Amino acid sequence: MSLTKAERTIILSMWSKISTQADSIGTETLERLFAGYPQTKTYFPHFDLHPGSAQLRAHGSKVVAAVGDAVKNIDNISLALSKLSELHAYILRVDPVNFKLLSHCLLVTMAARFPADFTAEAHAAWDKFLSVVSSVLTEKYR
């Protein structure tokens, strides 16, 4: 699945706003993930998962940074996220469905934070982009 020029433009435009709030967006996304899908907490037994905890903020920052890497390498997302895919498949053994759950939580967070920018077209573009990201992250599972 490839992104159209219009979709790329939307992704890059919104990313310029998202990146300025990356840490808080990442934290909020993980808080939504753990509240909505509590089974995902099993991958973080060593974390303090209370809202706003330092570990949650640090990991949320890493999550959004990885999305940023995908945005910056929008023409070669596979290469940009290859090591992250290997880490999650071979070392962390994360169930691939969790990438889709996380993507959904990020979409909700973006919609809540940027309601004027999160038009139907932006929603569709980001949904497609995050589907590509999720697919790339599951490449090593196949």
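## Aromatic pairs

Phe34 and Phe44 are both buried. This is a predicted model. Across the whole structure, a search finds three aromatic pairs. In one of them, the ring centres of Phe34 and Phe44 lie 5.3 Å apart. Their planes meet at 70°, so this pair is edge-to-face.

Where do Phe34 and Phe44 lie? Phe34 is in helix H2, while Phe44 is in the loop between H2 and helix H3 (54-72). The pair therefore ties together parts that are 10 residues apart in sequence. Phe34 and Phe44 also belong to one aromatic cluster with Phe47.

## The pair in helix H6

Trp126 and Phe129 are another edge-to-face pair, because their planes stand at 85°. The ring centres of Trp126 and Phe129 are 5.4 Å apart. Both residues sit in helix H6 (residues 120-137). Trp126 and Phe129 are three residues apart there, so about one helical turn separates them. Trp126 is buried, and Phe129 is buried too.

## Glu28 in helix H2

Helix H2 (residues 22-36) also holds Glu28. Is Glu28 buried or exposed? Its relative accessibility is 18%, and buried means under 20%, so Glu28 counts as buried.

Technical notes
Residues numbered from 1 in each chain as written. Predicted model: local features only at pLDDT ≥ 70, side-chain atom pairs only at ≥ 80, totals over all residues. Heavy atoms only, no water. Helix = DSSP H or I, 4+ residues; strand = E, 2+ residues; numbered from the N terminus. Buried < 20%, exposed > 50% of the residue type's maximum accessible area, 1.4 Å probe, protein only. Phe/Tyr/Trp six-rings, centres within 6.5 Å; stacked < 30°, edge-to-face > 60°.
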